[in-house]
Amino acid sequence: MMLADALSRLDYRPAEFRPGHVWLAGAGPGDPGCLTLEVLSAIASADCIVYDALVSEAVLSIAGKAELHFAGKRGGKPSTDQEDITRRLIELARAGKRVLRLKGGDPFIFGRGGEEALALVQAGIPFRILPGLTSGFAGLARAGFPATMRGINKAVILATGHAAGTEEDTDWAALARTGQPIVIYMGLKNLPLIAEALMAGGLGPSTPAAVIEQATTANQRVLVANLGTIVDEASAAAIAAPALIVIGGIVAMRELLQGSA
Ligand code: SAH
């Protein structure tokens, strides 16, 4: 096994996972190949793993003897769910467990990792953050979209679409005016509103746009269209969550960059 071989030669010693500690970790976008070594090691040494709906089966199957606690939560649910999760983390830590809080992607990117870390600080529970590859970058790269490309963009915007149409909504027109590509998490349900708001903000209907469903997994689907057609095309293809929406010139690079391997 090349991987086991490489690991045996690697001069890397993960930090010690102590009983009573919580590690807030990101499992990446789904493919176990996108796990970091420290997260892989944490999965193998945790006593219990409190995981989200976005953590893939393939990643969970690494856990040997750890107790698995599902803390699935999908957009739009009330915040009491979140309080239940933090309470559970605190209880498990106080019971002397090594608690791995495992989230999809990176825990600090639209993953409420900041809130959970804050609750742990307030409860006096020692914790550590283990970053993960966020779907908005790793998922894009795997699907053939460069997040930045010289000559196309000098910035990239990561946005959430979950609040579209509410009082807390993002100012999409302001984002549109930057002319920089926008990667939208949790945006599928509100895609009609978002596409309309971006066009109202000045992005033309011919702006390249894409949707990546289940990025990096065996079920990945990529749909490339433009801002004017993406809503109808995504619905015709029955694209479902989890999905990322990508808008801007970087989308057009995919055709040129298609790898053969
Ligand atoms: N912390 C996560 C994001 C959580 S918010 C991260 O860093 O990736 C949940 C949203 O992430 C989903 O609605 C979707 O937009 C996006 N997402 C996460 N994993 C994904 C995947 N494998 N494919 C496509 N989108 C994904």
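Q: Where does Thr-216 lie?
A: In this predicted model, Thr-216 sits in the loop that runs between β8 (208–213) and β9 (221–226).

Q: Buried or exposed, that Thr-216?
A: Thr-216 has a relative accessible area of 7%. The cut-off for buried is under 20%, so Thr-216 counts as buried.

Q: Which residues is Thr-216 in contact with, leaving aside neighbours within four places in sequence?
A: Thr-216 is in contact with Pro-29, Gly-30, Asp-31, Cys-34, Ala-138, Gly-139 and Arg-142.

Q: What does its side chain reach?
A: The side chain of Thr-216 comes to 3.1 Å from the backbone nitrogen of Asp-31.

Q: Which backbone atoms lie by the ligand's nitrogen and oxygen atoms?
A: A polar backbone atom of Pro-29 is 2.7 Å from a nitrogen atom of the ligand. For Asp-106, a polar backbone atom is 2.8 Å from a ligand oxygen atom. Met-186 has a backbone N or O atom 2.9 Å from an oxygen atom of the ligand.

Q: And how much of the ligand does the protein bury?
A: The protein buries 92% of the 540 Å² that the ligand exposes when taken alone.

Q: Change of topic: helix α2. Which of its residues are buried?
A: In α2, which spans residues 37–45, the buried residues are Val-39, Ala-42 and Ile-43.

Q: Why do they line one face of the helix?
A: Looking down the axis of α2, the buried residues fall within an arc of 100 degrees, so they line one face.

Q: What covers them?
A: The cover includes the strands β1 (22–26), β2 (48–51), β4 (99–103) and β5 (127–130), along with helix α3 (57–60).

Q: Now α5. Which residues are buried there?
A: Helix α5 covers residues 113–123, and its buried residues are Gly-113, Glu-116, Ala-117, Ala-119 and Leu-120. Their arc around the axis is only 160 degrees, which puts them on the same side of α5.

Q: What does the face turned away from the buried side carry?
A: That face of α5 carries the exposed residues Leu-118, Val-121 and Gln-122.

Q: What about the residue just after α5?
A: That is Gly-124, which takes a positive phi of about 70 degrees.

Notes. Residues are numbered from 1 along each chain as its sequence is written. This is a predicted model: local features need pLDDT of at least 70, side-chain atom pairs count only at pLDDT 80 or more; totals for chains, interfaces and linings use all residues. Side-chain values use heavy atoms; hydrogens and water are left out. Buried means under 20% relative accessible area, exposed over 50%, partly exposed in between (1.4 Å probe, protein chains only). Helices (H or I, at least four residues) and strands (E, at least two) are DSSP runs, numbered from the N terminus. The arc is that of the directions from the helix axis to the C-beta atoms. Contact means heavy atoms within 4.5 Å. A polar contact is a pair of N or O atoms within 3.5 Å; within protein, one must be able to donate a hydrogen and the other to accept it, and residues adjacent in sequence count only if both atoms are side-chain atoms. Accessible areas come from the Shrake-Rupley method with a 1.4 Å probe; for residues, only the protein chains shown count as cover.
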